[in-house]
Amino acid sequence: MTYKDMPLDEAYRLINTGPVVLVSSVSKSGEYDVAPIAWACPAQKSPSRVLVGVGRKHKTFTNIEETGEFVVSVPNISQVEMVTATGSVSGADVDKFVKLNIKSIDAKQVDCKIPDGVIGYLECKLVEIYGNDHLGLILGEAVAAAVDTEAYDGDRLLCETPAGKAVHHLGDRRYMTLGDQVIQ
Ligand SMILES: Cc1cc2nc3c(=O)[nH]c(=O)nc-3n(C[C@H](O)[C@H](O)[C@H](O)COP(=O)(O)O)c2cc1C
């Protein structure tokens, strides 16, 4: 094996390829927001917990800190333009649902709007915020969750079917989705 050195500001991309999630939130004055977050991972099985890394300057961070609620949803690859668009403006400046014409459904257990057409979502209550001055590592616990019946067969994501193809971020404006083979 031959290795080449990587720039340290790109090294994270080696492990950046989990699904991009959309984090929905609301301000304490009731303004809804949604933003793509690539730095997301599971953090507990039962009940499910998730960890998302959100810049403290983002409206998403302020909203979650204020309300203690958010939704983590998994967009389908067909929604990749919406992913880029929601990451290009701040909810501090615009209502993205209106400006970007994003159809939504209401979360049931938290006060958030979920983009319609996502593969599935976890409605979360804030457990803890870790991190530093720049990045908040937000730990949330699912209080409700749902998945597209065409994208999940009972105990796994059907990534080999169009309905189950998530968005994976390669850096900048490049994305990929999973292939059609499942190794069992
Ligand atoms: C594909 C993609 C992935 C992103 N991942 C993250 C991330 O993991 N953490 C983060 O803080 N910002 C991330 N961003 C940037 C935010 O989504 C972006 O700054 C957004 O406009 C913040 O919106 P808000 O101010 O309404 O919260 C990502 C953007 C894109 C397009």
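User: In what order do the elements of the protein run from the N terminus on?

Analyst: This is a predicted model, in which local features need pLDDT of at least 70 and side-chain atom pairs count only at pLDDT 80 or more, while totals for chains, interfaces and linings use all residues. Residues are numbered from 1 along each chain as its sequence is written. The protein has 3 helices and 11 strands; these are DSSP runs numbered from the N terminus, with helices being H or I of at least four residues and strands being E of at least two. From the N terminus on, the order is β-β-β-β-α-β-α-α-β-β-β-β-β-β.

User: Which residue in strand 8 is the bridge partner of S73?

Analyst: Strand 5 (residues 69-74) and strand 8 (residues 120-131) pair in the antiparallel sense over 6 bridges. Along this pairing, E69 stands opposite K125 in strand 8. The bridge partner of S73 in strand 8 is Y121.

User: Through how many residues does a hairpin join strand 8 to strand 9?

Analyst: Strand 8 pairs with strand 9 (residues 135-147) in the antiparallel sense, over 11 bridges. Within this pair, Y130 stands opposite L137 in strand 9. The number of residues through which the hairpin joins the two strands is 3.

User: Which residues in helix 1 are buried?

Analyst: A residue is buried if 20 or more other C-beta atoms lie within 10 Å of its own, exposed if 12 or fewer, and partly exposed in between, with C-beta atoms placed from the backbone. The buried residues of helix 1 are K59, T60, F61, N63 and I64.

User: Which strand gives the most residues to the shell around the ligand?

Analyst: Of the 21 residues around the ligand, H58, T60, G87, S90 and G91 come nearest; a residue counts as near if its C-beta atom, placed from the backbone, lies within 6 Å. Strand 2, strand 4, helix 1 and helix 2 (80-86) each supply at least two residues of the shell. With 4 residues, the strand that gives the most is strand 2.

User: What radius of gyration does the protein have?

Analyst: The C-alpha trace spans about 55 × 40 × 35 Å along its principal axes, and 33% of the 184 residues count as buried. The radius of gyration is taken over C-alpha atoms, and the globule rule is 2.2 Å times the number of residues to the power 0.38. A compact globule with 184 residues would have a value near 16 Å, which agrees with that of the protein, 16 Å.

How values were computed
Two strands pair if DSSP finds at least two bridges between them.
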